[in-house]
Amino acid sequence: MKSALRNAYYFTLSRYSLNPNPSLLQIAPFISTFPSLPSVLSRNHPFRSPLCATLMAGGDYDSLQTSPLEKQFEKFRVQLEDSGSLRERIRAVVLEIESATRLMQASLLLVHQSKPIPEVLQKANSQINVLKGLYNKLAEVVRECPGQYYRYHGDWRSETQMVVSLLAFMHWLETGNLLMHTEAEEKLGLNNSDFALDLEDYLVGVCFMSNEMPRYVVNQVTAGDYDCPRKVLKFLTDLHAAFRMLNLRNDFLRKKFDSMKYDLRRVEEVYYDVKIRGLATTGDSVGDQGAQKI
């Protein structure tokens, strides 16, 4: 019996070997007759892909689509969407800060029109509490992403610098002294370690404040206050000398510090004109000492 099957097997092979490319219909009866042959054909079949093998073995098609690369970029997508949502909330608060800053700046512009300083400051001071509440609101938003302060810091940097310059100018009008860093933090409620007033923002704001001094001096002299140039000259001279203690890089802060030199020169020229015309207060050498230091 075994020999008969063997003979039939070789006969069939020799029959189909005459056709180098037999069709599946031609060899189907042969495959059904000999059950052991499909295993041989399956091992040598050149058209079976790994995907087909996996699907025939009962594999999950979705698992083939989730590679480590796709998992990584899916994680990136979630992070970027969360960051974008947080940034939009930050910008919404920053727009409110900018609006309050414009109102404060508009109030302070009246000081150049020889308006009474107490009246000007009273209107401008009304915006300080508004700004303090907005910065507290901004701090709450940023705290939702711990350790990412400087990642989003650029979204409110320029607005904070302008706020510091206005607060410093108001403080000088009230006291004749410079607003300290700790005092600025206290006014804005930024004395927490996780959300504080950046040092460079404070320094740039002080430089912005010095840009207002020459205009203020000219308008005050025009209004008849001939002692104002001496006071401003003394203040700017001390401030410029203090800045020279810093080793500043060649960046935006350095450029703003260099502009302070020109502010100081313009105030010196106004004081010189007042002095040679005999309009300055006699017997006071403080302004002369400040002019000699330049």
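Start by selecting F252: its relative accessibility is 44%, so F252 counts as partly exposed (buried means under 20% relative accessible area, exposed over 50%, and partly exposed in between, with a 1.4 Å probe and protein chains only). Before you go on, note that this is a predicted model, where local features need pLDDT of at least 70, side-chain atom pairs count only at pLDDT 80 or more, and totals for chains, interfaces and linings use all residues. Residues are numbered from 1 along each chain as its sequence is written, and side-chain values use heavy atoms, with hydrogens and water left out.

**Stop 1: around F252**

F252 sits in helix α14 (helices are DSSP runs of H or I with at least four residues, strands are runs of E with at least two, and both are numbered from the N terminus). Now show Q161, V204 and F208: F252 is in contact with these, leaving aside its neighbours within four places in sequence. Contact here means heavy atoms within 4.5 Å.

**Stop 2: α12 and α14**

Select residues 199-222 for α12 and residues 252-276 for α14; their axes come within 9 Å and cross at roughly 20°. Axes are lines fitted to C-alpha atoms, for helices over the stretch in contact, and angles run from 0 to 180 degrees between N-to-C directions. That angle makes α12 roughly parallel to α14 (under 35 degrees is roughly parallel, over 145 roughly antiparallel, 65 to 115 roughly perpendicular, and the rest oblique). Among the residues that meet are L203, C207 and V217 in α12, and F257, M260 and V270 in α14.

**Stop 3: α6 and α8**

Next, select residues 68-108 for α6 and residues 128-142 for α8, whose axes come within 10 Å and cross at roughly 170°. These two helices are therefore roughly antiparallel to each other. Their contact includes L86, I90 and V93 of α6, with L131, L134 and L138 of α8.

**Stop 4: the whole protein**

Zoom out and switch to a cartoon view. How many helices and strands does the protein have? There are 15 helices and zero strands. Of the 294 residues in the protein, 35% are buried. Finally, colour the cysteines: the structure holds zero disulfides (a disulfide is a pair of cysteine sulfur atoms within 2.5 Å). One cysteine to click is C145, which counts as partly exposed at 21% relative accessibility.
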